[in-house]
Amino acid sequence: MKVSGFTFLRNGTILGYPYIESLKSLLAVCDEVVVALGNSDDDTLAQVQALNDPKLRIIQTTWNENMQDRGYTYAQQKMIAQFNCTGDWAFYLEGDEVIHEQDYVTIRAAMEKHLDDKEVEALVFDYYHFYGSPSTIAYSPRWYRRAPRIIRNTVRSWAPDGLFWLIMNENRQGRYPNAALVGCHLYHYGHVRSVAKMNEKQKRVERYWGKTPKEFLSYGDIDPLTIRTFNRTHPAIAASWLTNDAEQKLELNPDYCLSRRDKKHRLMMKLEQILGGKDFAKKHYKLIRG
């Protein structure tokens, strides 16, 4: 079995991504890693090259600055990297996601287990969405709790944005992939970077979604019922980044007024409890194996 890892990056340093930690964790699991690296205004290319890993392949790309429709620029970059993968499986990891070292064996084992089960087209991870500090996570239907990150590299798949895949059937219509669970979490650090870096991200990234950037003032403006305490271990490879580049404490705004969206998600969480753990979060896959 050969496993390809892939991702796309641009301005990783300016935007405060733990992209080097992410790549190191991906290299620990995969037999090759392909990076579509956009023309950056910082040292991202040099930092990635400095990894000097023979399994790493960098493809330098140019972004379409005029494409501002619902993240399709991200889809283009994601697919450039994926189309250059040569493994049986293609493992996509975003630049703010890190794999815990305790899960390396579990992930490889899941791919081995389903390698010959052609009905399984993708593998799904659980998620920790860190928010505001390394010791707090966001948990509600607003935050996807599971997502496919490994796709069988022999199915006709494409990405409408950076987050998920569609499988093309015989009639060239898209559907979500049939999937199995990996049985472990990915560690998502996109909402724990410094407020200054988050503002820079908003300023540079929102336009690719057709949005006008808004100033990000504080992580504290969130429904407190969304926040849970995280008391487990982080990936060892992320320790330095979490200490030096992440916000350290979440201060909730006591005067925060719930939005209409917040109230909707509170109702959904209440229904989840009543229905015994029903999950109303968005799912970009069809689970066919536990």
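**Salt bridges and surface patches in a predicted model**

Good morning. The term salt bridge here denotes a side-chain nitrogen of Lys or Arg within 4 Å of a carboxyl oxygen of Asp or Glu. R149 belongs to strand β8 (residues 146–152) and E97 to strand β5 (residues 97–99), so the pair ties together parts that are 52 residues apart in sequence. Both R149 and E97 are buried. Buried stands for under 20% relative accessible area, exposed for over 50%, and partly exposed for what lies in between, with a 1.4 Å probe and protein chains only.

Residues are numbered from 1 along each chain as its sequence is written, and side-chain values use heavy atoms, with hydrogens and water left out.

Next, the overall fold. The protein chain has seven helices and 14 strands; these are DSSP runs numbered from the N terminus, with helices (H or I) of at least four residues and strands (E) of at least two. The radius of gyration of the protein chain is 19 Å, close to the 19 Å from the globule rule for 290 residues, so the chain is as compact as a globular protein of that length. That radius is taken over C-alpha atoms, and the globule rule is 2.2 Å times the number of residues to the power 0.38. The C-alpha trace spans about 50 × 45 × 40 Å along its principal axes. Of the 290 residues in the protein chain, 51% are buried. Helix α3 (residues 72–82) is mostly covered, with eight of its eleven residues buried; among them are Y74, M79 and also K78.

I return to the charged pairs. Side chains of opposite charge can pair when their charged atoms come close. How many salt bridges does the rule give? The count comes to 19. One of these joins E32 and R57 at 3.2 Å, N to O. E32 in strand β2 (residues 32–38) and R57 in strand β3 (residues 56–61) are 25 residues apart, and the pair links distant parts of the chain. E32 is buried at a relative accessible area of 10%, whereas R57 is partly exposed at 32%.

A further salt bridge connects D117 and R289, at 3.0 Å from N to O. D117 lies in the loop between α4 (104–114) and β6 (122–131), and R289 in strand β14 (residues 286–289), so this pair ties together parts that are 172 residues apart in sequence. R289 is partly exposed, at 27% relative accessibility.

Finally, the surface. Where does K214 lie? K214 is in the loop between α5 (195–205) and β13 (227–229), and K214 is exposed, with a relative accessible area of 64%. Together with R142, K211, R261 and K264, K214 gathers in a patch of positive charge on the surface. Patches are made of residues with over 30% relative accessible area and no salt bridge, like charges being joined within 9 Å and nonpolar side chains (Val, Leu, Ile, Met, Phe, Trp, Tyr) within 5 Å. Lys and Arg count as positive and Asp and Glu as negative, with His and the chain ends not counted; the place of a charge is NZ of Lys, CZ of Arg, CG of Asp or CD of Glu. Thank you.

Terms used: Predicted model: local features only at pLDDT ≥ 70, side-chain atom pairs only at ≥ 80, totals over all residues. Areas by Shrake-Rupley, 256 points an atom, 1.4 Å probe, with all protein chains shown as cover.
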